[in-house]
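Please read this note with the model open beside you. Take the points one at a time and find each element before moving on.

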Amino acid sequence: MAQNELSASRIEFPVLQSFSEQCLGATTTLEITRALDAILQARGIKQWYVGNLGFVNEWRGFGFDEIPPAWRKRYVEAEHARFDPVFQHALNQGGKTTWAQCKLIAEHLGDKRALQVFDEAAEYGIDSGLILPIHGLGDLPAAVSFGGEDLDLTPDAQASLYLIGALAYESLRRLVVGFKPIPPLLTERELEVLRWAAEGKSAVDTGAIMGISAFTVQDHQKSLRTKYGCAKMTQVLVLAALDGTLLIARQM
Amino acid sequence: MIHLIAGATNPNCRELLAGMFRLRHDVFIKEKHWNIKSYNGLEFDQFDTEETLYLVELDEAGAVVATVRMNPTDRPTLFSEVFADMCHGGPPKCPKTWELTRGAIAQNVRKSLHFGRIECATIEAALLWGVTKACGIFGVDLLMKKMRCGLDAKPIGQPRMIDGESHVAAEFAMNGDVLQRTRTLYRITGPSIEQIHLMPGARRAA
């Protein structure tokens, strides 16, 4: 099949500018998703997702999408998310890439279950796309994914689509999440130390539980105080409880 | 502690400036492998002038951990001399618009809140100098980070892949509202800039 005729090699600046203004001026998420859908549909992108990828016991994130209903049903029923290399790539904090690159890796690894996801998607007319994983600033893993049939994904087109995705995600996030204090990024060890501090454990006790020395625990505590800009662990615990970090630490 | 330094050759800040140029060398040349010149482990170019302003953040041990370079756009800038084609309708040219370049944070403190402090300091510096807008070329990740900091980043040109990363020219307003929003997000309650070093002989009513 010839490359999608609607695909422009790149999205022209006036379109990008208009989309950016719509995003920043939007008062409802519907305004943004409609504008996004209009840009993407005109370029043959019939599946898109913008939002978080997972949750910790209760849903704390957000997600917006346009996915063919039959494909969505099949994807959920077959539990494709567990094997989908594109989804897993984003979940594991990979970099921006195309679906084709993820497929190449799956082929190289001989991962038949992963390749099944690509084969089935193609049956629903979705055979190419790109993924923009979003991580950092204490948020849950998130991503923007655009897919369609035989998409034009030249470097210029990718540059435009990544920008469109970034603007959509951040604008939707502002409306849904608002401007809440940004938690610092903590390592797994720091989260564990935080969790035991919240349980009232001393550095010695925490060290015994984690199998590390009390001095190392104190190093992690110092790092936590630095990252939160606090003088005392008690203050760190209060802030971590408020920004949701403690919840994540407790559910590790 | 964040210092605001006026002038790349400010004789009162030689050590601070050297530490800043060294951090830039470490980040842009050693880590990111940018194809730019350096001299004895220091990275600087023709846009480091007596008119340039720098924010330089030190850690408790006195090491430079973060920096950003600010140049008024009514003089030659990276935008006007190197990346003019990335701005639709030509690069910004206004004394009240700063170009932000060479933003760098030391690798070991990137997962901390230094980014928020340096962002707040940048807006504070803009307010002190009467600057209302900032612009620059940003990777999509950095653009998102700035938006999440509370800045209303607007693309001003066509994005382009540079070194495998989508980059775009963008501008954003610098005002008291944005500063307050960014401070709230990073739980910063007071001024981030603690010392200002003007060029000897220069006078500025702040």
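Predicted model: local features only at pLDDT ≥ 70, side-chain atom pairs only at ≥ 80, totals over all residues.

1. **Chain A overall.** Chain A holds 12 helices and five strands. Its C-alpha trace spans about 65 × 45 × 30 Å along the principal axes. Of the 252 residues in chain A, 49% are buried. Now take the contacts in chain A with a separation of 6 or more. Residues 24 or more positions apart account for 66% of them.

2. Chain A has an open sheet of five strands. Trace the order as β2-β1-β5-β4-β3. The pairing is antiparallel. Which strands form the edges? They are β2 (63–66) and β3 (97–98) of chain A, and each pairs on one side only.

3. **Neighbours of β5(A).** On one side is β1 (residues 45–52) of chain A, joined to β5 (residues 142–148) of chain A by seven bridges. These two strands run antiparallel. A:Tyr49 has A:Ser145 as its bridge partner, and A:Trp48 has A:Phe146. Next, look at β4 (residues 128–134) of chain A. Seven bridges link β4 to β5(A), again in an antiparallel run. Here A:Pro133 stands opposite A:Ala143.

4. **Burial of β5(A).** Is β5(A) buried or exposed? Seven of its seven residues are buried, so β5(A) is largely enclosed by the rest of the structure. The cut-off for buried is under 20% relative accessible area. Check both faces. A:Ala142, A:Val144, A:Phe146 and A:Gly148 point one way. A:Ala143, A:Ser145 and A:Gly147 point the other way. The residues of both sets are buried.

5. **A helix across the sheet.** Helix α2 (residues 29–41) of chain A lies across β1, β2 and β5 of chain A. It runs at about 145 degrees to β1(A).

6. **A helix pair.** Two packed helices are described by the angle between their axes and the distance between the axes. For helix α9 (residues 203–210) and helix α10 (residues 214–228) of chain A, the angle is about 105 degrees and the axes are 8 Å apart. Angles of 65 to 115 degrees count as roughly perpendicular. α9(A) and α10(A) are therefore roughly perpendicular to each other. On the α9(A) side, the contact is made by A:Ala203, A:Val204, A:Thr206 and A:Gly207. On the α10(A) side, it is made by A:Ala214, A:Val217 and A:Gln218. How do the residues of this contact divide? Four are nonpolar, three are polar and none is charged.

7. **One residue in chain B.** Where is B:His33 found? Look in the loop between α1 (14–31) and β2 (53–58) of chain B. B:His33 has a relative accessible area of 61%, so it is exposed; the cut-off for exposed is over 50%. Compare its position with that of B:Lys93. In sequence, B:His33 and B:Lys93 are 60 residues apart. In space, they are 30 Å apart, C-alpha to C-alpha.

How values were computed
Residues numbered from 1 in each chain as written. Chains lettered and ligands numbered in written order. Heavy atoms only, no water. Axes fitted to C-alpha atoms, helices over the stretch in contact; angles between N-to-C directions. Helix = DSSP H or I, 4+ residues; strand = E, 2+ residues; numbered from the N terminus. Parallel < 35°, antiparallel > 145°, perpendicular 65-115°, else oblique. Contact = heavy atoms within 4.5 Å. Nonpolar A, V, L, I, M, F, W, Y, C, P; charged D, E, K, R; others polar. Buried < 20%, exposed > 50% of the residue type's maximum accessible area, 1.4 Å probe, protein only. Pairing = 2+ DSSP bridges.
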